[in-house]
Amino acid sequence: MASIKEILSDQEKLHKVAFAAFKAVDTDKSGFLERAELEIVMNNVASDIGVEKPSSSDINEVLNELDTNKDGKISLDEFKVLIRQVLEVMALSLIHISEPTRQAEISYAVFCLKKKIALD
């Protein structure tokens, strides 16, 4: 299994990680993450890490931040930006991805933790 630093330094590996995570959360297979899919993932992550579920405004805030072209949904390219940011944080923490099917949940968990730390 590649380390996070190896993934960050190789665009092909980064794309594969982002694509696998995106595919896992794009439950309707539309090629985009809609708000409902984002909400499910964020709620699952909150439950997994033992924090309060995000509010509707929290979900909207995350969607607005990721949705750079403002079409109301998250593309793979927009999602890849998040994956890169999360992997960079994880690399600093020396955490390694060991279960590809949980990459999206891990990504959102770290994202939520970063947000919580910034608010505290």
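Here is a short tour of this structure, stop by stop.

The model is predicted, so local features need pLDDT of at least 70, side-chain atom pairs count only at pLDDT 80 or more, and totals for chains, interfaces and linings use all residues. Residues are numbered from 1 along each chain as its sequence is written, and side-chain values use heavy atoms, with hydrogens and water left out.

**Stop one: the core.** Select Leu 33, Leu 38, Ile 74, Phe 79, Ile 83 and Leu 87, which have the most contacts inside the largest nonpolar core, a set of 25 residues. (A nonpolar core joins buried Ala, Val, Leu, Ile, Met, Phe, Trp, Tyr and Cys residues through side-chain atoms within 4.5 Å; buried means under 20% relative accessible area, exposed over 50%, partly exposed in between, with a 1.4 Å probe and protein chains only.) Now colour helix 1 (4-9), helix 2, helix 3 (35-49), helix 4 (56-66) and helix 5 (76-93), the elements that each give two or more residues to this core. Helix 5 gives the largest share, 7 residues. (Helices are DSSP runs of H or I, at least four residues, numbered from the N terminus.)

**Stop two: Val 25.** Move to Val 25 in helix 2 (residues 11-25). Val 25 counts as buried because its relative accessibility is 7%.

**Stop three: the salt bridges.** Look for 2 of these, each a side-chain nitrogen of Lys or Arg within 4 Å of a carboxyl oxygen of Asp or Glu. In helix 2, Glu 12 and Lys 16 sit 4 residues apart, about one turn, and their side chains meet at 3.5 Å, N to O. Glu 39 is partly exposed, at 30%.
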